[in-house]
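Please read the points below beside the sequence and the structure, which are shown first. They are meant as a colleague's note, to be checked against the coordinates.

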Amino acid sequence: MLPGKRVAVLGAGSWGTTFAKILTDGGADVVLWARRPELAREITEARRNSDYLPGINLPVGLRATSRLDLALAGAEQVFVSVPSQSLRENLILAEPFLAPGAIVVSLMKGVERGSGLRMSQIIAELLPIDPDLIAAISGPNLALEIAKEQPTAAVVSSNSLETAQAVAMLARNRYFRSYVNTDVIGTEFGGVLKNLIAVAIGIVDGVGYGENTKASIITRGLVEMTDFAVAYGAHPETLAGLAGLGDLIATCQSPLSRNNTAGRLLGQGYGIADVVKQMQQTTEGLASVGPILDLARAKGVDMPIVEQVRQVLAGTLKPRDLAPHLTTDSAEPQGERTNDGQAHGSAALWGSFKRTFDQLRHSGGRPRGD
Ligand SMILES: NC(=O)C1=CN([C@@H]2O[C@H](COP(=O)(O)OP(=O)(O)OC[C@H]3O[C@@H](n4cnc5c(N)ncnc54)[C@H](O)[C@@H]3O)[C@@H](O)[C@H]2O)C=CC1
Ligand SMILES: O=C(CO)COP(=O)(O)O
């Protein structure tokens, strides 16, 4: 068999390692960069990453190294999966070794504290590459489920459809399917914002509230996500797709979600310092609350649920008071959606009908829109 395309995955935590498995199982020649040499050795020799993916056998052919130069040498596509707050420092280390013409793909779901930048914006700022060679992947993608080869879909987004398709062709196999879109803003913000709603769900779950409360928060949360993302230029239908609603459902329902788990601990009465200590893995939502509320304020977008999550984190709102405030943020009864939202909503619905129709007419071997 011919060797597959050479790709690199940076970050050997739960998602980086799982994504390296997805790509290897799809036929690519993958080198995974781990910061710690002993982890790189465990992955290559024992085909395990016991800290992050206990019980998972990694595929034969997946190699890991703690040397960035070796991981990046000749890589045509580079997938980055480090904590969002560390992307900048990691890109500075990686930049000298990036192969000319390489596509760089963010697998991350955060915004940078201080700058409020999305991950693809940081990549564009730091790397001297054509912006059309930048992509982001998002969707309902709980790492451990995918590592167990449970069927899953995601969406690859890039300003360039050609780039998104080139990435989606590699990021697929018998249990993983990649769709494509060109709405990078909506795709990235979907992944960031659902984490915040998942923290809220965890909080009310920890308090002991039931399904009505959680469904109310999920539904109203989706409105907040959509209003916010659309204010920044996203297409509303992206938020109704895999990177929005899809991921919101998975993250709000699953005890595997770190954001959901952190929320649950808060709801059970733990303080934020204890929660951070207990979370062994990256919990992006905790770092995103502040920057997202700053960005919301800058565009005049109301985010009552996210604001209440901030207050619970700050210790100024009791977890058990979170949900009832959903109905008391305005004296006047409100419509379920803003007028803007309604206008966008019907356009979104029409857009998705049209795309489905177009796909049926032109269906071929290429990855499809989400
Ligand atoms: N785990 C999951 O199910 C999914 C995670 N994501 C996203 O992927 C990104 C990475 O998350 P995970 O792999 O889950 O996190 P993790 O906590 O499991 O792993 C993070 C990895 O980055 C490495 N790293 C490199 N530089 C670092 C630094 N300066 N500080 C700390 N760690 C550093 C760590 O050593 C570790 O291997 C996050 O943005 C997350 O939202 C996206 C989809 C699914
Ligand atoms: O992004 C994820 C699922 O799509 C993972 O969620 P957590 O970061 O909350 O574990």
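## Notes on salt bridges, domains and ligands

1. A search of the whole structure finds 18 salt bridges, where a salt bridge is a side-chain nitrogen of Lys or Arg within 4 Å of a carboxyl oxygen of Asp or Glu. One of them joins the side chains of E76 and K5, with 3.5 Å from N to O. This pair links distant parts of the chain, 71 residues apart, since E76 sits in the loop between α3 (68-72) and β4 (77-80) and K5 in the segment before β1 (6-10). Helices (H or I, at least four residues) and strands (E, at least two) are DSSP runs, numbered from the N terminus.

2. Please keep in mind that this is a predicted model, in which local features need pLDDT of at least 70 and side-chain atom pairs count only at pLDDT 80 or more, while totals for chains, interfaces and linings use all residues. Residues are numbered from 1 along each chain as its sequence is written, chains are lettered from A and ligands numbered from 1 in the order in which they are written, and side-chain values use heavy atoms, with hydrogens and water left out.

3. The protein is divided into domain 1 (7-182) and domain 2 (186-350), with bounds that come from an automatic or database domain assignment. The C-alpha centres of the two domains lie 26 Å apart, and 31 residues of domain 1 are in contact with 26 residues of domain 2, contact meaning heavy atoms within 4.5 Å. Between them the domains bury about 2,000 Å², 65% of it on carbon and sulfur atoms; buried area is the accessible area (1.4 Å probe) that two parts lose on being put together, summed over both.

4. Across this interface the rule finds 2 salt bridges, and D247 and K109 meet through their side chains in a salt bridge of 2.7 Å, N to O. The elements that give two or more residues to the side of domain 1 that touches domain 2 are α5 (119-126), β6 (134-138), α6 (143-147), β7 (152-158) and β8 (176-181), and the largest share, 4 residues, comes from β7.

5. Ligand 1 is surrounded by 24 residues, of which the closest are E89, A143, R258, T282 and E284; a residue counts as near a molecule if one of its heavy atoms lies within 4 Å of it.

6. The residues around ligand 2 include K109, N141, D247, S257 and R258. An oxygen atom of ligand 2 is 2.5 Å from a side-chain N or O atom of R258, and for S257 the corresponding distance is 2.7 Å. K109 places a polar side-chain atom 2.9 Å from an oxygen atom of ligand 2, and the side chain of K109 also meets that of D247 in a salt bridge.

Definitions and conventions. A polar contact is a pair of N or O atoms within 3.5 Å; within protein, one must be able to donate a hydrogen and the other to accept it, and residues adjacent in sequence count only if both atoms are side-chain atoms.
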